[in-house]
Amino acid sequence: MRRIRASLALSGALALAGLQPAFSQEVTGHHHHEDMPAGIAIPGDSIYQLPVTLQTAEGRTLPLADLHGRPLLVTMFYSRCTTVCPVLTAQLQRLVERLGPDDRQQIRVLMVSFDAVRDTPDVLSAFKAEHHIQESNWIVAHASADDVRALAAALGIRYRELPDHTFNHSALISLADREGIVRARTGELAARDDAFMRAIHEQAAAKPAPR
Amino acid sequence: MKSAITVLLTCAIGAAAAAAELLPIGPGEFSSVVPSGDAAPSVHVGRFMLERRPVTNAEFLAYVLHHREWRRDRVASLFADGDYLSHWSAADTLGPSARPEQPVTRVSWFAARAYCEAQGERLPNWTEWEYAAAADERTADARRDPQWQSRILDWYGQPATHALPRVGMGPVNFYGIQDLHGLIWEWVEDFNALLVSADSRDQADPVKLQFCGAGALSLKDPGNYAMLMRIAFLTSLEARSTARSLGFRCAGGKSP
């Protein structure tokens, strides 16, 4: 608990000083997740209740709950998907582009693959390069099949693997607040979704909850 | 004499709480009501194990006493809705509305999954469940038998107002499994994977999604109405949902 408070205080101080801590330091530099369940109270309806462990495109192990503290745009996809996923990715990029610079600094984006077997870190790195995803707060990751099922269930995303190892899935973007509570969802893939944009702004502008 | 009876009773209670009996099923080729894609008209079901009966209140109580995070007064709301185990008289007591040998109901998918995992097992997936449930007492696949169909549809038609019977009262099917029909609805691991239309571009619209999915399913075989009811029900659920007649059983063996 003390370490988390310290790390939040540090982020706050850096933010006040106009410095954005590098994402890699912020998320992987601490290993507080082991004592997190006892250390801080995660709200009961937070997605950070899920004992899900991600592996990022960079090959880092990242407990989902380590993403607490900032608003999160989260969706699920798979890299070989040629129909809906490129549209989904483009829509996420548009959402982020339309945010003001302050909001953009506050949020994180998380894309988790349905394909626990084929979407290895190398494949996901190639996916990031192909879609010009360079922002340090944009995480592309995979997880075990069990964890994928649990995360999809919590987010209300339906999916099914077909015999040719493609996936049919719902294309849904969820917005979780700093505590991990899902505050808004959109299935809009082409047009502007102004209500969803407003929800992102509200969460980005909301002060972190005091600990 | 008295002590002998006590010992016998203790044994009986011990047996009820002991690990549930798993029976082997499969492997086999199977035509599921869920279309598996154009290329494959049938699916291969690998050999797996399935519990003979649904998990009971007594078994689930023993679980929550040791895994306190699944007590109804402690469970995270992400994992179970407000009716979770609400028919028990207390978080750690069954009481008069929940007899030990009745199937446990009002459990969420997350809770069912955690229970099975703690037993070193898992939830069956839909294809496995459907494969086991296609049997009647004599044959492995009785789905074309009008009697099999009407028996199931009769149960769907019964009002759900009576107390649930105890587990293990239903006929023993071809594999030795009981209560797949006629007692409760059961969770499966991939409950959220059943009604997904063949075209992901439709997925943004849930109404269209369900329409397409259901249309595709019913076209495959109208005789599968009994199974389609199950799928329609499972599809209406969220992972945290609970319902008065929704329980589960666990499976073993490698997941396909």
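Helix α7 of chain A has as its buried residues Asp147(A), Val148(A), Arg149(A), Ala150(A), Leu151(A), Ala152(A), Ala153(A), Ala154(A) and Leu155(A), where buried means under 20% relative accessible area, exposed means over 50%, and partly exposed lies in between (1.4 Å probe, protein chains only). The model is a predicted one, in which local features need pLDDT of at least 70 and side-chain atom pairs count only at pLDDT 80 or more, while totals for chains, interfaces and linings use all residues. Residues are numbered from 1 along each chain as its sequence is written, chains are lettered from A and ligands numbered from 1 in the order in which they are written, and side-chain values use heavy atoms, with hydrogens and water left out.

The helix spans residues 145-155, and nine of its eleven residues are buried; Gly156(A), with a positive phi near 70°, follows. Chain A as a whole holds eight helices and nine strands, these being DSSP runs numbered from the N terminus (H or I, at least four residues, for helices; E, at least two, for strands). Of the 211 residues of chain A, 53% count as buried.

Arg149(A) and Glu189(B) form a salt bridge with their closest N and O atoms 4.0 Å apart, a salt bridge being a side-chain nitrogen of Lys or Arg within 4 Å of a carboxyl oxygen of Asp or Glu. Both Arg149(A) and Glu189(B) are buried. The rule finds two salt bridges across the interface of chain B and chain A, and Arg113(B) with Asp146(A) is one of the pairs that meet in this way, at 3.8 Å from N to O. On the side of chain B that touches chain A, helix α3 (residues 109-118) of chain B gives the most, with three residues.

Within chain A, Lys128(A) and Glu58(A) meet in a salt bridge at 3.0 Å, N to O, and this pair links distant parts of the chain, with Lys128(A) in helix α6 (residues 121-130) and Glu58(A) in the loop between β1 (53-56) and β2 (61-63), 70 residues apart. Lys128(A) is buried at a relative accessible area of 10%, whereas Glu58(A), at 45%, counts as partly exposed. Another salt bridge brings Asp177(A) and Arg183(A) together, with the closest N and O atoms 2.8 Å apart; Asp177(A) is buried at 6% relative accessible area, and Arg183(A) is partly exposed at 49%.
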